[in-house]
Amino acid sequence: MSMFVLHNARGESVDLNNDSLLSYTPTGLGTTFTNTYSQYESYFKMTKANVQQGQMAINILFGDVESRSYQTFSQFATFLSFQPLTLIYNTGVDTWHRDARLTSLTKTEIGGSTVIQVDRLVEQFAIEFINPWYNNKQGRYKTYNIDTGLSIYGSGFFNEQGDFNQNLILQSSGENASADLRPNLLGVTNNNINSTISYDSDAITLNYTGTGSTEWYYALAEAWANMSDSVLSFDKTYTISVDVIGTVPSVAFRVSNTFSSTTKINNETWTRVNYTFSIPNLTGDNLNKFYIRLNAMATSNEAGFVKGQTLRFRHFKLEEGDTATDYTSAPEDGITDINMKYGFGFMGVAYDDENGNKPYVDEAQVDITNIE
């Protein structure tokens, strides 16, 4: 296995050490912390530790021969344009992943490199990491053979992992939000139209300021966002869900001009609304673009409203797949949710009945993600 492999947002992979791409002298693979201490006389106690955003730079020699050097460089530059990127780092002992975005890619001429004089392009590219290193671990448990002389036996791994998918919406809770920290999709612009917006401890509130026949909504990604700026793909299925309450009659999601079914709401109880979709790739001026909105609905999305109507929302979740799972915060928000619990442990309990002892679990397996 190669030491460095790079994935892009289109699902493509590039081995950074092959006949066409030779990478060397990487820097920035380590981790740097910013530590905060409390001082008492000559003693210091750490009170907080934050991982600094890392940046990796690496030199690459393009092409297996001189005649293919420029073509290889062009193909690599196109590959990098589909962001975000994921670096897979194989240390020989373990394999680690880290998501990143491109910072720079140099371009010189053959023989013009300041690093080394060769008959091919030698360039440097740098990426900025957007999360810590992570990897996947697997635990497996299998019972011992039945032994009628034992009543309690066996050991193995168990887990407490909830049924959840990663939330792709940052600052998704809507609780104690602000204009700078409110639900958004990484890399694109969010917005609210024909309404005032207020931020409460438990939700975000839109208050209709239109004439009764003007559309109003909250956009996680406003029209028209570039797909390449986001974490989404055209070839995947997504499910979006949110809690809503308010005096407006109903709501619907709108994805690139396509509406979900309408859901009636009230101002007494929270309603969880969800919609499964794939983003259509449009033509003309909107090719490779999209938007995602939560629309207020009355007789339509543009009529039947009353000035002063409210729409309150909280707990946005956008996830891959066709099923809405329990709400969890995005990993980038650094919040531990109850539905995200996971861990290793041991179990070894069996019970006796007329057929002799039986283990509760004959075989168990769990895949977990470790965030370092």
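Start by selecting R10: at 46% relative accessibility, R10 counts as partly exposed. (Here buried means under 20% relative accessible area, exposed means over 50%, and partly exposed is whatever falls in between, with a 1.4 Å probe and protein chains only.) Before you click on, note that this is a predicted model, so local features need pLDDT of at least 70 and side-chain atom pairs count only at pLDDT 80 or more, while totals for chains, interfaces and linings use all residues. Residues are numbered from 1 along each chain as its sequence is written, and side-chain values use heavy atoms, with hydrogens and water left out.

**Stop 1**

**Stop 1: strand β7**

Now select residues 85-90, which make up strand β7. Strands here are DSSP runs of E with at least two residues, numbered from the N terminus. Is β7 enclosed or open? 6 of its 6 residues are buried, so the strand is largely enclosed by the rest of the structure. Show the side chains: L85, L87 and Y89 point one way, T86, I88 and N90 point the other way, and all are buried.

Next, bring up the neighbours of β7. Strands of a sheet pair through backbone hydrogen bonds, either parallel or antiparallel. In this model, two strands pair if DSSP finds at least two bridges between them. Strand β1 (residues 4-7) pairs with β7 in the antiparallel sense over 4 bridges; look for H7 opposite T86. Strand β8 (residues 95-105) also runs antiparallel to β7, joined to it by 6 bridges. To find that pairing, select Y89 and its bridge partner W96 in β8.

**Stop 2**

The areas come from the Shrake-Rupley method with a 1.4 Å probe, and for residues only the protein chains shown count as cover.) F44 sits in strand β5 (residues 43-51) and is exposed, with a relative accessible area of 54%.

**Stop 3: N192**

Jump to N192 in strand β13 (residues 191-193). At 15% relative accessibility, N192 counts as buried. Its side chain makes a polar contact with the side chain of R182 at 3.4 Å. (A polar contact is a pair of N or O atoms within 3.5 Å; within protein, one must be able to donate a hydrogen and the other to accept it, and residues adjacent in sequence count only if both atoms are side-chain atoms.) Also look at S195, whose backbone oxygen lies 3.0 Å from a polar atom of the N192 side chain.

**Stop 4: a five-stranded sheet**

Colour the strands β14-β15-β23-β17-β21: in that order, these 5 strands form an open sheet with antiparallel pairing. The edge strands, each pairing on one side only, are β14 (195-199) and β21 (271-277). On average, neighbouring strands of this sheet are turned by 30° against each other, direction ignored. (Axes are lines fitted to C-alpha atoms, for helices over the stretch in contact, and angles run from 0 to 180 degrees between N-to-C directions.) Zoom in on β17 (residues 238-246), which pairs with β21 over 7 antiparallel bridges; V242 stands opposite V273 in β21.

**Stop 5: salt bridges that span the sequence**

Which residue does D243 meet? Its side chain and that of R314 form a salt bridge, 3.3 Å from N to O. D243 lies in β17 and R314 in β23, so the pair ties together parts that are 71 residues apart in sequence. Both residues are buried.

Finish with R293 and E215, a salt bridge whose closest N and O atoms are 3.9 Å apart. R293 lies in strand β22 (residues 289-297) and E215 in the loop between β15 (204-208) and β16 (217-226), so this pair ties together parts 78 residues apart in sequence. Both R293 and E215 are buried.

Key:
A salt bridge is a side-chain nitrogen of Lys or Arg within 4 Å of a carboxyl oxygen of Asp or Glu.
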